[in-house]
Amino acid sequence: MTDSRHRTLVVMGVAGCGKSSLGTALAAALALPLIEGDDHHSAESRAKMSRGIALDDADRAGWLDRLGAELARHAAQEGGAVLSCSALKRAYRDRLRAACPGLRFVFLDLDRDEALRRVASRATHFFSSSLVDSQFATLERPDPAQEPDVLALAATQPLDVLCAAVSSDLSGVRA
């Protein structure tokens, strides 16, 4: 069994990459709670995104703090959690790391065209497809030399393949 601090994961990437799907599958496979990052946006941020207005660092600050507190609480009380969260910038990831030491990330890498196609096909989500380009403009792809706690995977792989890759990566982690 891996150290519980390594059982606290963030599934990250641009809109449409499959964060929620993989997060749900991993939470079930690891018997951990799922924290859906979108559920923790303020009403103001949700309204902005619904109107096609991109969030900025100030909009995301409180959201990241709420998510960090949730991660830390679940790590302490339940031995971990899986969070779905865009975590587009290194500063955002570092903010989450500060709240929950030992945090691991799974970056679902997806190209713009596929992200746009996926987001446009979601009928009930508040995120406007017009914001996909802003996600790519904000994205700071994790650099393995600088962020060794990030596993990058092609988001177009089948869900079972993604889950197996994450499980394999977790089993290789040493405390």
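## Residue S86

S86 counts as buried because its relative accessibility is 11%; buried means under 20% relative accessible area, exposed over 50%, and partly exposed in between (1.4 Å probe, protein chains only). S86 lies in the loop between β3 and α4. Helices (H or I, at least four residues) and strands (E, at least two) are DSSP runs, numbered from the N terminus. Beyond its neighbours within four places in sequence, S86 is in contact with M12, G13, K19 and W63, where contact means heavy atoms within 4.5 Å.

## Basis of the model

This is a predicted model, in which local features need pLDDT of at least 70 and side-chain atom pairs count only at pLDDT 80 or more, while totals for chains, interfaces and linings use all residues. Residues are numbered from 1 along each chain as its sequence is written, and side-chain values use heavy atoms, with hydrogens and water left out.

## Helix α4

Helix α4 spans residues 90–99, and its buried residues are Y92, R93, L96 and R97. These residues lie on the same side of α4 because they cover an arc of only 140 degrees around the axis; the arc is that of the directions from the helix axis to the C-beta atoms. An α-helix has 3.6 residues a turn, so residues three or four places apart point the same way.

A91 and A98 are exposed, on the face of α4 turned away from its buried side. The cover over the buried residues of α4 includes the strands β1 (8–12), β3 (81–84), β4 (104–109) and β5 (150–154), together with the helices α3 (57–78) and α6 (132–138).

## Strand β4 and its partners

Strand β4 is largely enclosed by the rest of the structure, because five of its six residues are buried. β1 and β4 run parallel and are joined by four bridges; two strands pair if DSSP finds at least two bridges between them. V106 in β4 is the bridge partner of V11.

β4 also pairs with β5 in the parallel sense, over five bridges. Here F105 stands opposite V150 in β5.

## Residue L67

L67 is located in helix α3. With a relative accessibility of 0%, L67 counts as buried. Apart from its neighbours within four places in sequence, L67 is in contact with I35, G37, H40, L83, C85 and L96. One of these, L96, is among the buried residues of α4.

L67 and E36 are 31 residues apart in sequence, and their C-alpha atoms are 9.2 Å apart in space.
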